[in-house]
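Colleague: I have just opened this model and would like to learn how to read it. Could you take me through it step by step?

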Amino acid sequence: MKKLKFYAIGFIPGLIIVFFILNKKGASCSGYLPNSRVIAESLSKEFKYSEEAKIAMAANKIDEKFIKDSIITNGKVDFDRSHAQKKPCPDYLITYPEKNPSYEITFDKCEETVTVNTLKKLK
C-alpha cells in the first residue's frame, strides 16, 4: 500500500504537468481517430468532381470551398456505408453536420486525388 501511495504522489502531478504542457502546445489525440484520419488525408489531396456532383452542386448552390471547408472538414464519416478496404481507391460517405445531417457526400480517396461522386441534400 505504501508503494501505491508513492506511485500516486508522483504519477498524478506528472499527469497534470504533461496535460498543461501538451495543452499549451495545442497537441491533441483526436487526429488519430479513424474519422479524423480520413478527413485529414482527403483534404491533403487534389479534389476532382464527377458530372453528377457538379450538377448537384449547381442545383444546391454549393461551391467547392463549402464542400472542403464545411462538409468534409466538419462532417462525420459513416463507416458502415463506406468501403474503406476497397482497392485501389476506398470510397467514403460523409454526413454533415453530425447531428441532424443536411448533406451527404460520397467520394473516392485515391493515392493522388479525391473524386467527389455524389452530393445529396437530405432536408
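Modeller: Gladly, and let us begin with a term: buried means under 20% relative accessible area, exposed means over 50%, and partly exposed is in between (1.4 Å probe, protein chains only). This is a predicted model, in which local features need pLDDT of at least 70 and side-chain atom pairs count only at pLDDT 80 or more, while totals for chains, interfaces and linings use all residues. Residues are numbered from 1 along each chain as its sequence is written, and side-chain values use heavy atoms, with hydrogens and water left out.

Colleague: Let me try the first term. Is Cys89 buried or exposed?

Modeller: Cys89 is buried, with a relative accessible area of 16%. Cys110 counts as buried too, at 18% relative accessibility.

Colleague: What do Cys89 and Cys110 form?

Modeller: The general idea is that a disulfide is a pair of cysteine sulfur atoms within 2.5 Å. Here Cys89 and Cys110 form one, with their sulfur atoms 2.0 Å apart. Cys89 lies in the loop between β2 and β3 and Cys110 in the loop between β4 and β5, so the pair ties together parts that are 21 residues apart in sequence. The link is right-handed, with 115° about the S-S bond. By the rule above, the count comes to one disulfide.

Colleague: You mention strands. In which order do the five strands form the sheet?

Modeller: First the terms: helices (H or I, at least four residues) and strands (E, at least two) are DSSP runs, numbered from the N terminus. Two strands pair if DSSP finds at least two bridges between them. In this model, five strands form an open sheet with mixed pairing, in the order β1-β5-β4-β3-β2. Its edge strands are β1 (46-49) and β2 (76-77), each of which pairs on one side only.

Colleague: In which sense do β1 and β5 pair?

Modeller: Strand β5 (residues 113-121) and β1 pair in the parallel sense, over four bridges. You can follow this residue by residue: Phe47 has Val114 as its bridge partner in β5, and Tyr49 has Val116.

Colleague: Where do the side chains of β1 point?

Modeller: They alternate along the strand.

Colleague: Which strands does helix α2 lie across?

Modeller: To read this, take contact as heavy atoms within 4.5 Å. Axes are lines fitted to C-alpha atoms, for helices over the stretch in contact, and angles run from 0 to 180 degrees between N-to-C directions. Helix α2 (residues 34-43) lies across β1, β2, β3 (91-96), β4 (103-109) and β5, and runs at about 70° to β4. Helix α4 (residues 64-74) also lies across β1, β2, β3, β4 and β5, running at about 90° to β3.

Colleague: Now to another helix. Which residues in α3 are buried?

Modeller: In α3, Ala53, Ala56 and Met57 are buried. They cover an arc of only 100° around the axis, which puts them on the same side of α3; the arc is that of the directions from the helix axis to the C-beta atoms. What covers these buried residues includes β1, α4 and β5. On the other side of α3, Glu51, Ile55, Ala58 and Ala59 are exposed. After α3 comes Lys61, whose phi is positive, near 55°.

Colleague: How many salt bridges does a search of the whole structure find?

Modeller: Side chains of opposite charge can pair when their charged atoms come close. A salt bridge is a side-chain nitrogen of Lys or Arg within 4 Å of a carboxyl oxygen of Asp or Glu. The search finds six. One of them joins Lys54 and Glu51, with the closest N and O atoms 3.8 Å apart. Lys54 and Glu51 are three residues apart in helix α3 (residues 51-59), which means that about one helical turn separates them.

Colleague: Which residue meets Lys65 in a salt bridge?

Modeller: That is Asp69, at 2.6 Å from N to O. Asp69 is partly exposed at 39% relative accessibility, while Lys65 is exposed at 56%.

Colleague: And what of Lys86 and Asp91?

Modeller: Their side chains meet in a salt bridge of 3.2 Å, N to O. Lys86 is partly exposed at 41% relative accessibility, whereas Asp91 is buried, with a relative accessible area of 15%. Elsewhere, salt bridges that share partners join Asp78, Arg81 and Glu104 into one network.
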